[in-house]
Amino acid sequence: MLTHSDSQLLIRAEHNRKVRHELDYLIPAIEQAPVLGQQTLTLERNPERSARSATLTVRGLQVSIEVPRHHKQPKQCQPVTLNVLLVEEATPPSEGKPIRWLLLTTLPIDNFEQGCD
């Protein structure tokens, strides 16, 4: 039987959430986080880009995401501690949209291998 403690999540995010960090917000905090490593991938062609090789830089950080200010019942909520990964192209292409993924996860990211799994 699957219990709550057996569940993990990995989601792609885009909003610059308020966090418990000296920089106050998720995106500036993760942009200053240590680089865990780099990996080169071959990207297949799709409607938005041609096939290419992309070297991706992976940054990782653990943060507590604050309860949104405008939540309907903020007193019933608690901040959520998650691991954050920022995966972006080290050298973006001159044409097309560069790879930039902001990922939130409950999985460990203590090292580069965990961040890439």
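The model is a predicted one, and every value below was computed from it. The protein has 117 residues, of which 27% count as buried, and its secondary structure comes to two helices and five strands.

**Overall dimensions and surface**

- The C-alpha trace of the protein spans about 50 × 35 × 30 Å when it is taken along the principal axes.
- The protein exposes about 8500 Å², and carbon and sulfur atoms supply 49% of that area.

- Strand β4 is joined to strand β5, which covers residues 100-105, by six bridges, and the two strands run antiparallel.
- Within this pairing, N83 has T105 of β5 as its bridge partner.

**The nonpolar cores**

- The largest nonpolar core has 13 residues, and those with the most contacts inside it are L26, I30, L61, V63, I65, V84 and L104.
- Two or more residues of this core are given by each of α1, β3 (52-65), β4 and β5.
- Another core, of 10 residues, lies apart from the largest one, and its members include A54, L56, I109 and F112.
- I30, one of the residues with the most contacts inside the largest core, is in contact with R59, G60, L61, V84, L85, L86 and L102 once its neighbours within four places in sequence are left aside.

**E89, a buried acidic residue**

- E89 lies in strand β4, which covers residues 80-89, and E89 counts as buried because its relative accessibility is 8%, where the cut-off for burial is under 20%.
- The side chain of E89 is joined to the side chain of R52 by a polar contact of 2.4 Å.
- The side chain of E89 also reaches the backbone nitrogen of I99, at 2.7 Å.
- With neighbours within four places in sequence left aside, E89 is in contact with R52, A54, T55, L56, K97, P98 and I99; of these, A54 and L56 are among the residues of the 10-residue core.

**T105, a buried residue of β5**

- T105 has its place in strand β5, and T105 counts as buried because its relative accessibility is 2%, where under 20% is required.
- The side chain of T105 reaches two backbone atoms, namely the oxygen of L9 at 2.7 Å and the nitrogen of L107 at 2.9 Å.
- T105 touches L9, L10, L82 and N83 when residues up to four places away in sequence are not counted, and N83 is also the residue whose bridge partner is T105.

**Loop residues**

- D24 is found in the loop between β1 (10-13) and α1 (26-31), and D24 has a positive phi of about 70° although it is not a glycine.
- With a relative accessible area of 35%, D24 is partly exposed.
- P92 has its place in the loop between β4 and β5, and with a relative accessible area of 46% P92 is likewise partly exposed.
- P92 and K75 are 17 residues apart in sequence, and their C-alpha atoms are 43 Å apart in space.
- D110 is found in the loop between β5 and α2 (112-116), and D110 counts as exposed because its relative accessibility is 67%, where the cut-off is over 50%.
- D110 and Y25 are 85 residues apart along the chain, and a distance of 21 Å separates their C-alpha atoms.

Notes: Residues are numbered from 1 along each chain as its sequence is written. This is a predicted model: local features need pLDDT of at least 70, side-chain atom pairs count only at pLDDT 80 or more; totals for chains, interfaces and linings use all residues. Side-chain values use heavy atoms; hydrogens and water are left out. Helices (H or I, at least four residues) and strands (E, at least two) are DSSP runs, numbered from the N terminus. Buried means under 20% relative accessible area, exposed over 50%, partly exposed in between (1.4 Å probe, protein chains only). A polar contact is a pair of N or O atoms within 3.5 Å; within protein, one must be able to donate a hydrogen and the other to accept it, and residues adjacent in sequence count only if both atoms are side-chain atoms. Contact means heavy atoms within 4.5 Å. Two strands pair if DSSP finds at least two bridges between them. Accessible areas come from the Shrake-Rupley method with a 1.4 Å probe; for residues, only the protein chains shown count as cover. A nonpolar core is a set of buried Ala, Val, Leu, Ile, Met, Phe, Trp, Tyr and Cys residues joined through side-chain atoms within 4.5 Å.
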